[in-house]
Amino acid sequence: QVLLVFAEEDEQSSGFRWACDKAGFRCNLARTPQSALECFLDKHHDIIIIDHRHSRYFDAEALCRSIRTTKASENTVIICVVQRHTDREESSILPLISAGFTRRYVENSSRMACYNELIQLEFGQVQAQFKLRACNSLFTALEKSQEAIEITSEDHVIQYVNPAFETMMGYQIGELIEKELTEVPINEKKADFLDTINSCIKIGKEWQGMYYAKKKNGDSIQQNVKILPVIGQGGKIRHYVSISRLCNDNNKVEKTCECIQAESQTDTQTCRHKDMRKGSLDVRSTTSRGSDGSSQRRRSSMARVHSMTIEAPITKVINIINAAQESSPLPVAEALDRALEILRTTELYSPQLGTKDEDPHTSDLVGGLMTDGLRRLSGNEYILSAKQTHQVAGSLSSPISLNDIPPRITEAMENEEQWDFDIFELEAATHKRPLVYLGLKIFARFGICEFLNCSESTLRSWLQVIEANYHSSNSYHNSTHSADVLHATAYFLSKERVKQTLDPIDEVAALIAATVHDVDHPGRTNSFLCNAGSELAILYNDTAVLESHHAALAFQLTTRDGKCNIFKNMERNEYRTLRQVIIDMVLATEMTKHFEHVNKFVNSINKPLAALEENGNNGDGESIKTVLRSPENRILIKRMLIKCADISNPCRPREQCIEWAGRISEEYFAQTDEERRQGLPVVMPVFDRNTCSIPKSQLSFIDYFIIDMFDAWDAFADLPNLMEHLNNNIKYWKGLDGRNLRVLRPPP
């Protein structure tokens, strides 16, 4: 089925209609984006052809993004018809790809040209999408299989396990994905066993046999296992599929072991195993083959990550209290009962509002930023409209580097190392593209290209792609906010205490995380998306929806094209470490865990450092280093750093603070307007553009979120200038509020 989206009938649309008839394809025609979206959701077309030649009728890229937000478009081929230009240089296709188009078609109204295009699509992209659809059936079979199935990469990194595997081994899939299989210490007996397996699977043969594996709880289980190599790109082994089942029947185990002992020598010498492309996947119908049955039925180099018994620290605490209760007097036991009730709650770090609950501004901010919203009872899903989808900018008209930045932009960035740097001056000089320019300068200052082993042109392309995926239509969450957070991050990284703490890879991760931390932000809060039943909220189970999307999309955009893949020359393990840190920092910007991050930072870092100073150990470098350099504390410091950078607006010079306050208020006003239009729960009713007091909202935000966090960060990083700005801005907002003014600035 084909959907043609043309605002007006012309030779091009007629050509495609004729081609559809000739090819025997069912064809629908839509004139507007709304009718196109409705028609697609009803018919689920295989091919959509959108006219991108006349922007005055509708925004073709916005329509494409709207379609791509729907689940039904996952296997749809979307073609963009563009104008033929013979008098100017070929333009980049990257913005179209970013918008969700599969390919472009340069206008040619010839009927046979249209027919040939459709036939190529049918036997190319459409046929490939049919195969991808079939994968859903295959995964359903895997999910329902009673055998435990595990798929690893050629480097033995786990990529998939099915529910039967989770049940057998006691792990959740999230604990295993991207984890490497643990190597077993090799002794003389085990070495033969490992060689038996590897000698077969490395030459493309399947291996069958039994070995012991340890479950998550430490129990040892015996498995009947088949390991199959899978040939992929380049004719090389790209994956290993392991199919296993428990051996519960003791008699059956003994007989199978005898079979292994009898056949092992012959099998080891000749490797008489079925060719992996011909072998059956049903391990119940095969004869087990392996090696020595006494000591070699253990973990091999293909064995699992099942050797650790993990007990959560909170479990240990609860067990200690339970033990103490047994020998405690009644009043103590009752007090411990109350303590246990508190410990068993999920919100250990979120404070109670107390008297602040009476302040509607604080109440609404907490409700809007720290919850996932209210559930809609109607069950209706909210699909992002064209206005809400991200606007992808075109590629820059001419390449830029640090050597050819325009003078006005260079001048705007002269004091970028200072906290009082004016990001809005750079925004104006760059025509709302500050991220590319500021990113080039800051990344050069920190030697990011040298660390990543990538060229400046690759970095420039990456910055362009990331900035293009920030929505310039958002008043607050746009690329200027990203550039502002990048600047704050770089400033914090230059502080002496921070430099003592973090490694170069941490600095690189922090700067990248700051750059991408809000990419493709729709200008709406997590609560809004959850209430609206958006595709993203469904995808991420109403949990850290936007932050998960920012992190995932950042890596998708980066690795999609080698021209902008800044990670392509990194060693694999180093890349995985860097990726983990970036993801952790982006997720730390989610506000539901704000108080958890701040409290952990205070208790694990601020208080121990203060205790060392009080005890006269201020000069004891080793003691301070122990606090700063522990892996757990470094994670807390990186999270705190990006959190402070993300919401540092109240600590900026007054005019910048006021501008940011106006922008975030406008974004919240727009959300409230849309919630009322859509009939959604209004998450922050105080942000009504007709009644809201911006000074009150700023004071509530500062009082509830900012003061304690920046007091802790200042105690760590020594930031007197930020605290001075913060105090001055508090006085400014209080002055307006004291005069009952609801606006950003007093009247002339």
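This is a predicted model: local features need pLDDT of at least 70, side-chain atom pairs count only at pLDDT 80 or more; totals for chains, interfaces and linings use all residues.
Residues are numbered from 1 along each chain as its sequence is written, and side-chain values use heavy atoms, with hydrogens and water left out.

The protein chain has 29 helices and 10 strands, these being DSSP runs numbered from the N terminus (H or I, at least four residues, for helices; E, at least two, for strands). Of its 748 residues, 50% count as buried, where buried means under 20% relative accessible area, exposed over 50%, and partly exposed in between, with a 1.4 Å probe and protein chains only. Among contacts in the protein chain with a separation of 6 or more, 72% join residues 24 or more positions apart, a contact being heavy atoms within 4.5 Å.

The largest nonpolar core holds 119 residues, of which F492 and W713 touch the most other members; such a core is a set of buried Ala, Val, Leu, Ile, Met, Phe, Trp, Tyr and Cys residues joined through side-chain atoms within 4.5 Å. Helix α28 (residues 694-717) supplies the largest share of this core, 13 residues. Leaving aside residues up to four places away in sequence, F492 touches W419, V498, L641, C644, A645, F710, W713, L719 and L722. Apart from this core lies another, of 20 residues, including L3, V5, A60 and C64.

Rings of Phe, Tyr and Trp (its six-membered ring) pair if their centres lie within 6.5 Å, and planes under 30 degrees apart count as stacked, over 60 as edge-to-face and the rest as tilted. The structure holds 22 aromatic pairs, one of which, between F601 and W713, is tilted, at 5.9 Å centre to centre and 55° between the planes. This pair links distant parts of the chain, since F601 lies in helix α24 (residues 594-614) and W713 in helix α28, 112 residues apart. F601 counts as buried because its relative accessibility is 0%, and W713 counts as buried because its relative accessibility is 0%.

The rings of Y668 and F687 have centres 4.9 Å apart and planes at 70°, so this pair is edge-to-face. Y668 belongs to helix α27 (residues 654-678) and F687 to the loop between α27 and α28, and both residues are buried.
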